[in-house]
Structure formats: structure tokens, C-alpha cells
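Please look through the sequence and the structure shown below before reading on. The paragraphs that follow go from the whole chain to its parts, and then to the contact between chains.

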Amino acid sequence: MRKKALLIMALGLILVPFLCSAVYAKTLKIGSMSPLTGSYASDGTDIKNGVLTAVEVFEEAGGMPGYDKIEVFPQDTACDPRQAVAAANKLLNLEVVGVIGAYCSSSTIPSSEVLDEENVPMITPASTHQDVTDRGLPYMFRMCGRDDDQAPASANFMKESLGAKTIFIVDDKTTYSQGLADGVENACKKLGIKILAHEHVNQGDKDFSAILTMAKRDNADVFYMSLQGYSPAAMMTLQAKRLGLKSQIVTQDAVFQPKYVEVAKDAAEGVYLTYGFTDPATPEYKAFEKRYVPKYGKIAAYSTYAYDAATSLLQAIKAAGSTDPAKIKAELMKLDYQGVAKHIKFRANGDSGSSYIAFKVVDGKFVPYWEPVGGLIK
Amino acid sequence: MAASFCLPPEIKLRKLNIMEYFIQQFINGLTLGGMYALIALGYTMVYGVIQLINFAHGEFFAAGGYVGAIVLAYLAGLGYMETHPVICLTTAFLLSMAYCAYLAVGVEKIAYKPLRKESRLAALLSALGMSIFLSNGMMLTQGVYDKIYPSELFQGGINFGMVTISYLQVMIVSLTACLLVGLNLLVFKTKIGMAMRATAQDKTMSALVAIGSNKIISLTFAIGAGLAAAAGIMYGLYYGSVRYDMGFVPGIKAFAAAVLGGIGNITGAMLGGLIIGMVEIFAAGYISSEYKDVFAFIILIGVLYFKPTGIMGENIDDTRV
């Protein structure tokens, strides 16, 4: 009898450390979803790094009251809707309080449905398709701009700055790229720019010579290239220049990646892109740059948006003083501050406003070139 | 360098007319078809000799592209690229073809030779496994990102009216033609080629007249992979970068080309490659670029429906390798 009691006590002692860790080391879990493998891995890694930086800064500034540490669970979506849904389910099992992601609109839309059922707030740093926030999900937020703002901005730029009268549009049939290309087509029609053709290629295509020859035959003023990711865009640009296409090339935010210029090199010179405006002179941006660049290298496309998204989420949780989704949402809606990428103020539908301007590739760099209100940027 | 992309100023901009459009698309098709033909040859030669569809063949093509990228990057780093571009390119082609030939011989020894007496299904599965192994091996060693080719080579092109033929296309088409002619000479005019054809027809009989079938099989793999490696470098130069998974789609298309031409037949594979490349480009240029692959495979199904052995394929044929 005494032996048995001792045994139970011993077992109890063994369990003590486990109980302690469960009770005392309280961890706040947040998820990050982005493509970490495949063609969009570079953009996806930027997003993950942005989130990690935000958590680091937040913990240094005092961390989350009531928690010992904040842990980030980065998930790979590979820009594949099925993998994105699986990643969302995995994050739900880990009981995260919020998610930053995903990158491709075609991943964000299905995975947000899963997260929303469990009332987990999701802030996308990069998905620009209008349906991301237009479906009316209560816990869906967006840090970047919308394609139905990007498309008219792009069309206005082509008309006002490039004086375009005709346009040749190509997309690669993803939710994002085709949605944006359709938007550009409509916006151009409204402005009286003639659509010579709207063609589609497939994701994973490498040879664009046939379609580019078609574009060369039609010789439009603008060749609008809506492709998902820098890699096919760089190949298309190289082939276009080699074929002697003379149309001005205009493209969009998914191509806004330093790697685009690295691959396309001289062929990318003079290409125009639309992307959200970020003022690099703000103290917030400079502080971010100082911290991010030594650790992860160049600030590419979406790391700033991911940083702002994660910071907003953490601040809202701190202000709410709980992980109750309704309270977090209420605090998110109250936010009004200057972030790294932009000024953050969420609207009722979860959007935070667009600020699209046109950039031009000059000497291998993206240089701000034109903005909707003031015209050319000197 | 940016200026070299532009057309000469004396050419006035205008739209391409119907004829120019056709010619431009024809040249595009010739370039693509040439690359498919080079890859298709490997499938058809191996099939001719040991009746195996070598699904790892697309990976030899990708490996060739990688070796080329590494060699060219190394030479560019030493600064030889600007002074001796032709020598650099020749070195890259030779090293990459040699590497892939060696790789293919190794793959054959490890994955196919032990299964030669087993059912053909076992060897086929082994080939699929090898393909996955090689492609993931490249991903792990070279990373998931695109490897960039130096694009300074062969910039600009020749203009005939509004038709532009880039120097790169000229290089690819002429080098492909040289390799194809060279292969034809090797197979049909030399003793080694005769031994290869003999092994393809009957391994036992050819062994009786002192032809070592193991050596011939290794040689077939080596030649096929060498041609695929050359195609890999051309691909890298033409599209600007290579990726670990780039072997898959061209591999499938080249396999279709080999079947279309009559698998086992060398001339058939060349013809099949050109047809698949042309159909793809013309379907994209005249019908729909979304469904270009569909048209390429419709042609394949159509031909096989009326002639199941392919265009040039016959059941017993002394041109088989």
C-alpha cells in the first residue's frame, strides 16, 4: 500500500514540470501564411520575415502583458488553394489568435473562409483581389490596396502619362491576375483606350513567343502584362525585347520584386509598374529599414505590409487585453497610426485604403514616376 | 546595352503584315521545335535499345541547364565572358554535355541495369522514381529559386522588314541542326552506329557477333543525355533562367514528340519535335494561346488513331536505334 502511494507521488512529481510549463510559460501564438516554396517563394519569405521582425520589435518594446512570449507559426501555402486551406486548418489546431497572410488571392479567399468560421482574425498583407474583403467576412482585413483601385489607376496612368490609345492585355488566369486584367480592360474602355486584344497564357508557361509576335503584329501603344509573380514576367519581358516589341510595357504589383530586374536585366529598363506608395522618408520606415536590412537583406515588395499587419494585430490584442476575437476586431477598427508602408486606418469592410502610383524601372531600380493626383513625380 | 534591343531608327514602325506574321511565328516554332527534337531523341534512342521509357530524361535536360548556368556564371566571374564569349559558351556546352552523359550512364547502372531481366513495368517505375529523386536533388542542392543565365550573350538580332530573328534563335537553330546531322552521321555511317542499330534489333544476335550490349546501352544513354544537356543550355539562354522543375513539361512534350514520330525512330523523333513545337506556336498565334498544349496533344491523338506506330514508326525497321 505504501509502495503504491510512493509510486503515485513519484509519477506526480514527473508530471509537475509539464503542468508548470502549461500554466506558467504562456505563449501567444500567431500564424503567418505565405508561399515559402515554389515560384512565389521570394515574396512569401519577405512576408514571413516582415512578421518575424514585427514580433521582435513588439517583444523588445515590452511584449504582450500576460504572456511570456509570442510565437509565430509560418505556414507554406505554395500559392495553392488546397495547401492554403490545409495550412489554415493546421493553424486552427495550434489555436493561433490571428493570422497574417496569405499572398495569392486564390489562397487567401478559401483559407479565410476556414479561419472565419472559427472567428480568427486574418490580415492579408498582399492579396489585392476585391473579393478578399467584399465577401463580408467579419474577421477579414487587408493591409494592401485593392485591384479595383489599382486597375483604374493603371488605366489613368496609361492615358494621361503615356498617352495610350490602344492596349494589348495578357494575363495568366489566376484569381488575382485575371481579375486585375479584366479590371484594366473595363477601366480602359471607360477612358476610351481601345482594347486590341485580351489574351491569356497558362501558369508555368515559359515560351511566350507566339503571343508576343501577336502583340508585335497589333503594335498597341501599351502592352499590359498581368502575370502572377516576377519569374514569368521577367521571361516575358526578355522575350518581348528580343522580338523587337515596341509597345510600352506596363505591369502590376506582383511583378514589383527586385528579382524581376535581376532576371530581365536591361530588358526591364523603362517598364512601368503600379504599386502602393510608401514614403521612405518617414521615421517609421527608417527604423524598419535599420532593423530589417542587416538581418534579411533588401526590403522587397511585401515585407513592410506584413510588418504593419503583424504590428496592428499585436497592438489590437494588447489594447483588447484578451484574445476574444470580437474585442480584437473592435480594437483593430480603432487603430489610427502611421505604419511603415502606409497610414493605418481600417474601414468597415476591413480594407485600409489604396495608394497606387506608377513606378518606372530606371537603372535596375523601381523609381516612383507618376501619381494620380499630381501627375509626374520629379 | 538597352539600345541594342531597339530596332534601327530607319525602320518605320508599322504593324506586321500577314506574311511577316507567319514568318515570325515560323521562326519561333522552329526554335521551340528544335529544342523539343533534341530532348525527344533521348527518349527514342533509349526506347529503341532497351524498350524503356526513360522518364528521368527530362531531369538530364534540367541538369544540363544547371551545369551550363554554373559554368557560365563562374567564367563570367573571372571576366572571360566579355573577352572570349564563344570559348566560354563552347566550354559550357562541352562540360554540361559531358556531365549529363556521365550522369545518365550512372543512372542506367543504378536504376535500370539491375532490372533489365525483370518486367518492363519495374524498370518504368524505377525511371519515375529516378525522375523524382533527381528533380528533388536539384531543388535541395541548387535551391528553389530561378538560376539566372547571363543574358548579355547574343543580344540583338537581324531585321528583315519587321521580322526580327534574334542572334540567339540563329544560334539555337543552327546548333540544333549541327547536332542532328552529327547524330545521323554517327548512327547511320559509323561502325558504332551500326553496332547500336544491331543491338536495337536483336541483343542476343548482336552479342554473338561480339557487340557488347552493355557498352552500347551505356553509350545510347550518354548520347541521349548529352543532347538533352545541350537543349538545357539553349533553354536557359533563350528563357533567361533555369529551375529545378523545368524538366517536367518539356520532358512530357518531347516524349509526345517521340511517340508522334514513332518511338524508336531517330528521324521520327526529330520530325515529331518540330511538329509539336510548330503546332504549339501556330495554335497560340492563330487560335488561342490558352489551349496551345491541347492542340499539340490533339495532333498526337489524331496521328496515333490513324497510325498507331507514329509517323515514321514501323514494327520492324533497320533504321531503329
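Chain A has a secondary structure of 13 helices and 15 strands, where helices (H or I, at least four residues) and strands (E, at least two) are DSSP runs numbered from the N terminus. This is a predicted model, in which local features need pLDDT of at least 70 and side-chain atom pairs count only at pLDDT 80 or more, while totals for chains, interfaces and linings use all residues. Residues are numbered from 1 along each chain as its sequence is written, and chains are lettered from A and ligands numbered from 1 in the order in which they are written.

Along the principal axes, the C-alpha atoms of chain A fill a box of roughly 95 × 40 × 40 Å. Of the 378 residues in chain A, 55% are buried, a term that asks for 20 or more other C-beta atoms, placed from the backbone, within 10 Å of the residue's own.

Within this chain, strand S1 (residues 27-34) of chain A pairs with strand S2 (residues 69-76) of chain A in the parallel sense over eight bridges, pairing being counted if DSSP finds at least two bridges between two strands. Ser32(A), for example, has Pro74(A) in S2(A) as its bridge partner. The path from S1(A) to S2(A) leads through H2(A), and this β-α-β crossover is right-handed; that is, with the strands pointing away from the viewer, the path from the first strand over the helix to the second runs clockwise.

Chain A is divided into domain 1 (23-144 + 302-346) and domain 2 (148-276 + 357-376), with bounds that come from an automatic or database domain assignment. Taken over C-alpha atoms, the centres of domain 1 of chain A and domain 2 of chain A are separated by 30 Å. Where they meet, 14 residues of domain 1 of chain A are in contact with 13 residues of domain 2 of chain A, contact being defined by C-beta atoms, placed from the backbone, that lie within 7 Å. On the side of domain 1 of chain A that touches domain 2 of chain A, H2 and helix H4 (105-117) of chain A each supply at least two residues, and the largest share, three residues, comes from H4(A).

The contact between the chains takes 35 residues from chain A and 30 residues from chain B. Helix H2 (41-60) and helix H8 (209-218) of chain A are among the elements that give two or more residues to the side of chain A that touches chain B, and H8(A) gives the largest share of that side, eight residues.

Note on methods:
Two residues are in contact if their C-beta atoms, placed from the backbone, lie within 7 Å. A residue is buried if 20 or more other C-beta atoms lie within 10 Å of its own, exposed if 12 or fewer, and partly exposed in between; C-beta atoms are placed from the backbone.
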